[in-house]
Amino acid sequence: MSTTNPQSDAPLDDAGSPVGRARARRRSKQRRRLANVAGLMASLVLTGALYSVFAPAQAAEETTSESAAEAAGRELYERSCISCHGENLEGVPNRGPSLIGVGEASVYFQVHTGRMPLVRQEADAPDKPAVFSDEEIDQLMAYIQANGGGPTLPSGDLRGGDLAEGGELFRLNCASCHNFVGEGGALSSGKAAPSLESSTDLEIYTAMLTGPENMPVFGDNQLTPEEKRSIITYVQTIDNMADPGGAGVGRMGPVAEGLVIWVVGVSALMFGIFWMGSKA
């Protein structure tokens with residue numbers, strides 16, 4: 001008598017069989033993978049299409065957003081400054097420093113005092129009549145500020161500080177180089193601190209704010225805007241101050257005073273000696 005296994009009579013690929021269920025799971029996984037790949041491709045195509053539509057318009061908008069002053073400043077920069085300071089304000093080794101972060105304050109000081117454009121490489125950039133007009137300086141400032149950023153020009157009255165406080169701060173921070181009355185003085189390596197006699201309020205403020213050449217930077221953390229105004233008040237009133245000790249002797253300090261005392265004293269002594277000798 002033969003017996004049959006009921007399970008062996010069932011078709012192997014029936015949906016209810018283990019083999020059928022395994023195949024169905026594999027087909028389901030494949031469909032999900034294909035759906036994911038198709039969705040990813042559709043997303044990439046959509047992203048590319050959107051970028052191609054909106055990116056040119058945005059680039060055109062950024063290009064046209066440059067103001068007229070910045071565009072004029074760019075032309076001036078490319079004509080007079082690019083050879084030393086680089087195409088992108090990055091500077092040129094052994095020729096000119098980077099202008100990134102110097103701001104319009106540094107541009108105003110360097111260009112308004114005639115130190116820039118530089119005539120030749122020297123220990124110091126000498127001050128001379130400005131090469132650019134006030135309008136051109138404003139255009140250069142707009143271009144450098146827009147592309148490099150940095151300290152901006154102050155506003156309001158720059159002499160609104162306290163005179164006594166300004167004198168104390170000047171003697172503490174500035175007199176070692178500029179002389180106690182701002183007459184300037186010699187430094188090392190052929191350099192010199194310039195006289196402040198003919199400097200304007202804005203030139204003095206921007207010099208403190210940016211620290212040109214050997215001068216340290218006196219930012220708002222070192223000297224507050226009010227303290228800077230006090231120093232300017234002191235510097236700009238020195239010329240009108242009296243010399244209670246007698247002749248100012250150029251206000252050059254103890255060296256000049258000692259020289260006068262020596263020359264006058266020795267001359268008076270020699271005159272007295274010869275006069276007494278002639279009477280004897």
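Guide: Let us begin with one residue and its contacts. This is a predicted model. Leaving out residues up to four places away in sequence, C177 touches G184, G185, L187 and A193.

Visitor: Is C177 buried, partly exposed or exposed?
Guide: Buried means under 20% relative accessible area, and exposed means over 50%. C177 has 33% relative accessibility, so C177 counts as partly exposed.

Visitor: And C174, buried or exposed?
Guide: C174 is found in the loop between α6 and α7. The cut-off for buried is under 20%. C174 has 10% relative accessibility, so C174 counts as buried.

Visitor: Which residues does C174 touch, not counting those up to four places away in sequence?
Guide: Contact here means heavy atoms within 4.5 Å. With that exclusion, the residues C174 touches are L169 and N179.

Visitor: Which residues does UniProt list for "binding site"?
Guide: The listing comes from an unreviewed entry. In the model, the lining of the second largest pocket takes in residues from this set. The UniProt residues are C174, C177 and H178.

Visitor: Which residues of α6 are buried?
Guide: Helix α6 covers residues 163-173. F170 is one of its buried residues, with a relative accessible area of 1%. The buried set is G166, G167, L169 and F170.

Visitor: What do the buried residues of α6 pack against?
Guide: One partner is α7, residues 175-178. The other is α9, which spans residues 225-237.

Visitor: What does a side-chain oxygen of D162 reach at the start of α6?
Guide: The approach is to within 3.3 Å. The atom reached is the backbone nitrogen of A164.

Visitor: How many aromatic pairs are there?
Guide: Ring centres must lie within 6.5 Å to pair. By this rule the count is two.

Visitor: How far apart in sequence are the parts tied together by Y77 and Y143?
Guide: Y77 and Y143 form a tilted pair, 5.4 Å centre to centre. Both Y77 and Y143 are buried. Y77 lies in helix α2 and Y143 in helix α5, so the parts tied together are 66 residues apart.

Visitor: What about the parts tied together by F170 and Y234?
Guide: F170 and Y234 form a tilted pair, with 45° between the planes. F170 lies in α6 and Y234 in α9, so the parts tied together are 64 residues apart in sequence.

How values were computed. Residues are numbered from 1 along each chain as its sequence is written. This is a predicted model: local features need pLDDT of at least 70, side-chain atom pairs count only at pLDDT 80 or more; totals for chains, interfaces and linings use all residues. Side-chain values use heavy atoms; hydrogens and water are left out. Rings of Phe, Tyr and Trp (its six-membered ring) pair if their centres lie within 6.5 Å; planes under 30 degrees apart count as stacked, over 60 as edge-to-face and the rest as tilted. Helices (H or I, at least four residues) and strands (E, at least two) are DSSP runs, numbered from the N terminus. Buried means under 20% relative accessible area, exposed over 50%, partly exposed in between (1.4 Å probe, protein chains only). A polar contact is a pair of N or O atoms within 3.5 Å; within protein, one must be able to donate a hydrogen and the other to accept it, and residues adjacent in sequence count only if both atoms are side-chain atoms. UniProt positions are given in the numbering used here, feature names are shortened, and annotations may be inferred rather than shown by experiment. On a 1 Å grid over the protein atoms alone, a cavity is a set of points where a 1.4 Å probe fits but cannot get out, and a pocket is an open set with protein on both sides within 12 Å along at least five of seven lines; lining residues have an atom within 4 Å of a point.
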